[in-house]
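Here are a few notes to read alongside the model, written as one colleague to another. Please keep the structure open as you go through them.

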Amino acid sequence: MTWARIMAPLSGSEGDKAVLEAGATVAGAFGAQLSAVYTPADVADVMPWMGEGFMGGVQATALESLKQAAAVGETKARASVEALAFENKAFLALQTPVWANLSAESRLADVVVFNDEPGRGRGPLAEAFQEVLADEQRPVIIARPGLKIGGVVAVAWDGGKEASRAARQAVPLLQKASRVVILTAPRATTRALDPARLQAYYAARGVTAEFEMLPDSGEAAPMLLYAAQKAGADIMVAGAFGHPRLQEFIFGGTTRSLLAADSPSLFLSH
C-alpha cells in the first residue's frame, strides 16, 4: 500500500508556492507524481446570478473580467509549477464546469494537499477544500510550515466511522513515521473504544504504535492538540466531522478547532 499521485489545487496566488513545496515533500517521500491543478472561479456559476440580460453592458464587462482574471491566474500557477525544483510533476488547468472536473481529478488522487487558508474557510480555494474533503470524501493534508514525512505522527482515535477511515487511509504515512502515537479521549465520546484494537491493526501492517489515554474532562480538541505537541507530532491524523452544507462552514467544533490551530499539519478524512 502506497501513494502514487499527490494532488495540489492551485489558485494562481502567492500561496501556491507553499502548497507546491508541501506537495513535493509528500510526493517525494513516496516516489509519487505531484499533480498541480489550477482551480479558478467558474464563470458558469456566476452567469445565473446576472439575470436574463447578462450579456449586455455591465454584465458582459464583469464576465470578461472574470475570464481575464482566470487567464492571469493560470499563467501565475503554471509559472509556479515550472519554478518548482521537483521532476515528477504535472500541470492541469481546469475548465468549466470547474467543480465537476475538480471532483473527477480528486477521485484519482491518493491525497490532496492544501495550506491553512482553505481549511479555515478563507481564500479562493475554501470551496475547493470543502468539495474535496466533504463531498468527494478524499483524504486531505493541511500542510503547515515544517511539514515532515518520516517524523512523529499522532492519530486521534474515538472508534467512530470518520476516525476509523482516517486511521486506515493514513497507513502509508504511518509506515514511514519514526513514531506513531494513538490518542484517545474516552470521556469525549459515548462509544466503547479500545485503542489496543487499532494498535493491533497497525501492527499487522508493519506499524508499531503506542497509545495514550487523555484526561477524563474537557473538550477533545484542546486535549488532542496538547498531547500532539507534547509528543512532538509533525502530523495529526483525524476524522473530519461534518454538519449540513447549509451552514456557513460545514465542519463541527472539534474539526474546526484542529483547523484553526497553527500546528501540527493535519491528515483529514471525512
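1. Let's start with P9, which touches V19, V37, T39, V112, V113, F114 and L125, leaving aside residues up to four places away in sequence; contact here means heavy atoms within 4.5 Å. P9 sits in strand β1 (residues 5–10). Helices (H or I, at least four residues) and strands (E, at least two) are DSSP runs, numbered from the N terminus. P9 counts as buried because its relative accessibility is 1%; buried means under 20% relative accessible area, exposed over 50%, and partly exposed in between (1.4 Å probe, protein chains only). Along the sequence P9 and L125 are 116 residues apart, yet their C-alpha atoms are 7.8 Å apart in space.

2. A word on the ground rules. This is a predicted model, in which local features need pLDDT of at least 70 and side-chain atom pairs count only at pLDDT 80 or more, while totals for chains, interfaces and linings use all residues. Residues are numbered from 1 along each chain as its sequence is written, and side-chain values use heavy atoms, with hydrogens and water left out.

3. How confident is the prediction? The mean pLDDT of the chain is 88, and 86% of its residues reach 70 or more; pLDDT is the predictor's confidence in each residue, from 0 to 100. Over residues 243–251 the pLDDT is below 50, although this stretch has 27 contacts in the model beyond near neighbours in sequence. Where pLDDT is low, the predicted coordinates should not be read in detail.

4. Now the overall fold. The chain has 11 helices and 10 strands, and 50% of its 270 residues count as buried. Among contacts with a separation of 6 or more, 77% join residues 24 or more positions apart.

5. The largest nonpolar core has 47 residues, and W3, I6, L34, L174, Y202, V237 and F267 have the most contacts inside it. Helix α1 (residues 16–30) gives the most to this core, with seven residues. Another core, of 38 residues, lies apart from it and includes V98, W99, A154 and L258. (A nonpolar core is a set of buried Ala, Val, Leu, Ile, Met, Phe, Trp, Tyr and Cys residues joined through side-chain atoms within 4.5 Å.) Do look at Y202, which touches V155, A167, V171, L174, I182, V207 and A209, again not counting residues up to four places away in sequence.

6. Helix α7 (residues 161–169) is worth a visit too: its buried residues are E162, A163, S164, A166, A167 and Q169. They pack against β6 (152–156), α8 (171–175), α9 (195–203), β9 (235–239) and β10.

7. Buried or exposed: which is S265, and which is E219? S265, in strand β10 (residues 265–269), is buried because its relative accessibility is 3%. Not counting residues up to four places away in sequence, S265 touches I142, A143, R144, L147, D234, I235 and M236. E219 is exposed because its relative accessible area is 61%, and its place is in the loop between β8 (209–213) and α10 (220–231). E219 and A185 are 34 residues apart in sequence and 9.2 Å apart in space, C-alpha to C-alpha.
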